[in-house]
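Me: I'm new to this one and could use a hand. Could you take a close look at a single part and talk me through what is there?

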Amino acid sequence: MDKVLLCNFCADDQYAKISKYLLEARKGKVIEGMRLKAAEIGAEELAVLLPTGSTEEFGPEIMVYHGMESMITANAGAAVEVIKGKLPRPTVPDTEVKLSDKELTVISPEGAYVLVQQKELGSASKVFFINTKNKSEVVEAAVGSKLSEVLEGQSVAVSDRKGILLGGIRGRFVRAGELSEYTIEQNSLYDSITFFEKEDCMVEELKKLAQQIQGTSCGKCVLCREGSLQYMTIVEEMTAGKAKMTDVDLIKEISEIIEIGAYCTFGQKMPQLITTGLDLFKDEVEAHIKKKNCPAGVCSAFASYCILPKQCTGCEECVDECPEDAIEGKKGFIHMINEDFCTKCGKCVDACEEGAIIKVTGARPKLPMKLTKVGKF
Ligand code: SF4
Ligand code: SF4
Ligand code: SF4
């Protein structure tokens, strides 16, 4: 049977856009690697799968397909599904998959790049992403090197970080001290490191990750489909002050089942992201659930605005700024925010030149209960 080799640029993890990087920086090498692989397996036809909307050109020899981006398309069957415009449903690894009636072999851009490196240098590097608050850096690190040394080489400090995520949504949260245990490996799922800072709320970050997990699950198997929905719902409830401690136990219970029973690697690996996050950020999780408090002051459900009575000069400047008419008071009197009407938009804060309006996430300061003259509280 005729054979086709497909290089898939759609399977990036959003924390490690390796295919995108190689397309921009190493396109020629990737094409060369595709040719090497095609010669090795006897494929007569070359093809690429690009994200929908990409206008990248590959010349007359290479067939170009487009499809949705999803890391699930790393599976050959799922890649063919997105080429057909369908959702990326994976097939069992090593099952024979066809594209246009030809036997299909899928290679990642990095896999193709590695073949060229091995031919030219006798060794290969691993494309690795270092994500901090404001930037994403790419390094091509030697396979086998210690991750801690790679970070040192890039002058990336790991101490004082609030959270460290190794790998994307198939990864896990780790402590800084554990990084020395990890080495750069070619086929590792840990192809990125993402740092979170003290101003980040790790429950809010877990919520965003759970939403990404739910959005990535293709829905083929019930454990991953329903489990990812449960994760998202529970962590969303944590940030909204509606979760219970028993929900944390529930997450741990369902995670064990998903890890064993999910159909593909994504489903088997993604629970560890949530469970390691819940363990490492236990104090913050408990503060959200038990104390209804967001220690980082990020989750708006726990925030409120108030006017510091000793700083308010009764100038009335804030009153017109409030779209909800939630600020009460009159000239020369301490102003007050009516929580029944306040939508926590924060617009009034900048209107007060005295800095009297503050956002509070924990206990509120003592406030007047009735209209009080400035200086009399
Ligand atoms: S584990 Fe998740 S992503 Fe994988 S096949 Fe099942 S539903 Fe789809
Ligand atoms: S809160 Fe600020 S802006 Fe509003 S009346 Fe008091 S001093 Fe003026
Ligand atoms: S936070 Fe928004 S709604 Fe609340 S008092 Fe200030 S301006 Fe009004």
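Predicted model: local features only at pLDDT ≥ 70, side-chain atom pairs only at ≥ 80, totals over all residues.

Reply: On each side of the contact you'll find nine residues: nine from domain 1 and nine from domain 3. Put together, domain 1 and domain 3 bury about 800 Å² between them, and carbon and sulfur atoms account for 63% of that. On the domain 1 side, have a look at Ile-72, Arg-89 and Pro-90: this trio supplies 51% of the area that domain 1 buries against domain 3, more than any other three residues do. As for salt bridges across this interface, the rule finds zero.

To place those two on the chain, the domain assignment puts domain 1 at 3–121 and domain 3 at 203–290. The other two are domain 2 (125–196) and domain 4 (303–360).

Now for the ligands, starting with ligand 1. It has 13 residues around it, and the ones that come nearest are Cys-218, Lys-220, Cys-221, Cys-224 and Cys-264. By class, the shell of ligand 1 splits into nine nonpolar, three polar and one charged.

Ligand 3 is the one to finish on, as the space it takes is the largest cavity. Among the residues surrounding ligand 3 are Cys-322, Cys-342, Cys-345 and Cys-348, along with Tyr-305, Pro-323, Glu-324 and Lys-344. Sorted by class, the shell of ligand 3 holds eight nonpolar residues, two polar and two charged.

Technical notes. Residues numbered from 1 in each chain as written. Chains lettered and ligands numbered in written order. Heavy atoms only, no water. Near = heavy atom within 4 Å. 1 Å grid on protein atoms, 1.4 Å probe; cavity = no way out; pocket = protein on both sides within 12 Å on 5 of 7 lines; lining within 4 Å. Sits in = over half its atoms within 2 Å of the grid points. Nonpolar A, V, L, I, M, F, W, Y, C, P; charged D, E, K, R; others polar. Domains from an automatic or database assignment. Contact = heavy atoms within 4.5 Å. Buried area = accessible area lost by both parts, 1.4 Å probe. Salt bridge = Lys/Arg side-chain N within 4 Å of Asp/Glu carboxyl O.
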